[in-house]
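Please read the numbered points below beside the sequence and the 3D view, taking one point at a time.

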Amino acid sequence: MSLAFGRHAMSIPGPSVIPDRVLQAMHIPAPNIYEGKLVDLTHSLLPDLKKMARTEGDVAIYISNGHGAWEASLANTLEAGDRVLVLYTGRFGRGWAEMAMSLGVDVQSMDFGTALPVDAEAVAETLRADTDHSIKAVLTVHTDTASSVRNDIPALRAAMTEAGHPALLMVDCIASLACEPFEMDDWGVDVMVAGCQKGLMTPPGLGFVFLNEKAKAARNRLTRVSGYWDWVPRIQPNLYYQFFGGTAPTHHLFGLREALTMLLEEEGLEAVWSRHALFARTIWAAIDTWAEGGNLSCNVVDPAHRSIAVTSVQTGEDEAGRLRRWCEDEAGLTLGIGLGLEAPDSHPGDSLFRIGHMGHLSPPMILGTLGTIDAGLKTLGISHGNGAVEAAIRTLSAG
């Protein structure tokens, strides 16, 4: 008998759970797009977005998903034939590289696998060998949403500085912004890309590119940038519509305003980071307990290298697929599929699933997810250690 009734639970790594307040803020008639409330609201978003990124630089808003933010970041800093170094720690650094190649950029890559972070010293060695500074930018992800590897961005910047290399440091924070500590200015990041649908708790549709003066100088050297992706009119608009290259994403802006108020003014960004860190430790405690009697384990062994926004879980062959199907069909819980980490001949999600723990979350939501997974393991006869929910509760209670 299926029990998948009531409100469906989503534990995927984005789109994250949307707060009722955000939905209610969006549930209004279409506003005036030329003057008045919408214009004032938009101007209020910019300083708060910069607070989220911890930057005094600029932010350009695009009506797009994260892929659009990727393209915007590349279109404003590189020309066809320019060379970049892209660091892979899962699927999404590779995706950014593919985007760059589609624009004619010469991509040099370093692959660190799917369970380990970037080796900063290896990057420094590569940059020291680039004596003519042909590498114009170094691209990496803060958190890879597929592998759940979290990269040490300050260490990467230190390595670039030690190598004496002038390349831009460009970081994808699509999965990590508003979940994990990130200090754009203090960490020396020149370009950062993000989206609204994960830590920012807003329906997919807005992409963000944060940039500093060094990034602006790179843009000014380009011979052309396509009109829609050009960030200059978006950060220095003469008319309101130029913020968005056309009609504003009206209802997304109202939703984002409510989300930023919740995160910055009511909870506080440091408290948001602490909440996500505690929930991550709670989930890891359950997975470590399951691992004692079966094939389940965190994809990233060292907790210091794990994302606190998403956890990728390895299982035995076909166990992840069976578990996800049971959780969704019988219990009303959607888990994230495995993405880009399986062997070439296996079906996505056969032996890996992901738990998204980003955005609008509370202890009942976390414990409900873990309890449902535990029930699924027992029902399906998948070998696992017992006491996972109790271990999670102990971790949560210890704070």
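1. The side chains of Arg 94 and Asp 111 form a salt bridge with an N to O distance of 3.0 Å, a salt bridge being a side-chain nitrogen of Lys or Arg within 4 Å of a carboxyl oxygen of Asp or Glu. Arg 94 belongs to helix H4 (residues 92–102) and Asp 111 to strand E4 (residues 106–111), so the pair ties together parts 17 residues apart in sequence; helices (H or I, at least four residues) and strands (E, at least two) are DSSP runs, numbered from the N terminus.

2. This is a predicted model, in which local features need pLDDT of at least 70 and side-chain atom pairs count only at pLDDT 80 or more, while totals for chains, interfaces and linings use all residues. Residues are numbered from 1 along each chain as its sequence is written, and side-chain values use heavy atoms, with hydrogens and water left out.

3. Glu 266 and Arg 21 also meet through their side chains in a salt bridge (2.9 Å, N to O). Since Glu 266 lies in helix H9 and Arg 21 in helix H1 (residues 20–26), the pair ties together parts that are 245 residues apart in sequence. Arg 21, Glu 258 and Glu 266 are linked in a network of salt bridges.

4. The axes of helix H2 (residues 37–53) and helix H9 (residues 250–267) come within 10 Å and cross at roughly 45°, where axes are lines fitted to C-alpha atoms, for helices over the stretch in contact, and angles run from 0 to 180 degrees between N-to-C directions.
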